[in-house]
Amino acid sequence: RLCTDEYAVPSPSNFNHPYMHLTNYSINSKSKGFVPNDDPEGNTPGATKRSLKWLRQWLEEEGYDSERVWSKIADVVVKTLMTIEPIWQHTYRVCTKEGNDGFSCFELLGFDIMLDRRLRPWLLEVNHSPSFSCDSTLDRTVKGELLA
């Protein structure tokens, strides 16, 4: 997701400008500058929400190593999962019968990661129940492939 207004370093004069500093879809979809993405591949010019495929292509076109960026993102995800694994183990043991083979449930998480100007990934939040609502063709493509 991208902001609908061009980013500027936060300052007292622009702190209250949510379309510049927040990428939340629910916020930016109300902006005058919002452009929906109705391309299943996520290539609508100027769209606010894009696909990961689009991001990786854009990084390559701009001369960045998309594999390196993706590896750094994966590192953040793995380290985050390592921190919550003991809690998951405990919860699983408490909620299942003794002798369970471990294949009775799964967890789907949504990771919100921001890339800074040096393309360093920063974990913003982990969503325990990510949204599966679909407001665009891109949403239906991405979320449909995830659930298929």
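Visitor: How many residues apart are D75 and K79 in helix α4, and what separation in helical turns goes with that spacing?

Guide: D75 and K79 are 4 residues apart in helix α4 (residues 66-95), so about one helical turn separates them. Helices here are DSSP runs (H or I, at least four residues), numbered from the N terminus. The model is predicted, so local features need pLDDT of at least 70 and side-chain atom pairs count only at pLDDT 80 or more, whereas totals for chains, interfaces and linings use all residues. Residues are numbered from 1 along each chain as its sequence is written, and side-chain values use heavy atoms, with hydrogens and water left out.

The side chains of D75 and K79 meet in a salt bridge, at 3.0 Å from N to O. This term denotes a side-chain nitrogen of Lys or Arg within 4 Å of a carboxyl oxygen of Asp or Glu. D75 is partly exposed, with a relative accessible area of 38%, and K79 is also partly exposed, at 49%. Buried means under 20% relative accessible area, exposed over 50%, and partly exposed in between (1.4 Å probe, protein chains only).

The structure holds 5 salt bridges. One of them joins K53 and E41, likewise at 3.0 Å from N to O. That pair links distant parts of the chain: K53 belongs to helix α3, while E41 lies in the loop between α2 (25-28) and α3, 12 residues apart. E41 is partly exposed, at 38%. Another salt bridge joins R120 and D116, whose closest N and O atoms are 2.7 Å apart. Here R120 is partly exposed, at 37%, but D116 is buried, at 17%.

Helix α3 (residues 52-61) also contains W54 and W58, which are 4 residues apart and therefore separated by about one helical turn. The whole structure has 3 aromatic pairs. W54 and W58 form a stacked one, with 6.4 Å centre to centre and 25° between the planes. Rings of Phe, Tyr and Trp (its six-membered ring) pair if their centres lie within 6.5 Å; planes under 30 degrees apart count as stacked, over 60 as edge-to-face and the rest as tilted. W54 is buried, at 18%, whereas W58 is partly exposed, at 32%. Ring pairs link these two residues and Y64 into a cluster.

Methods: Helices (H or I, at least four residues) and strands (E, at least two) are DSSP runs, numbered from the N terminus.
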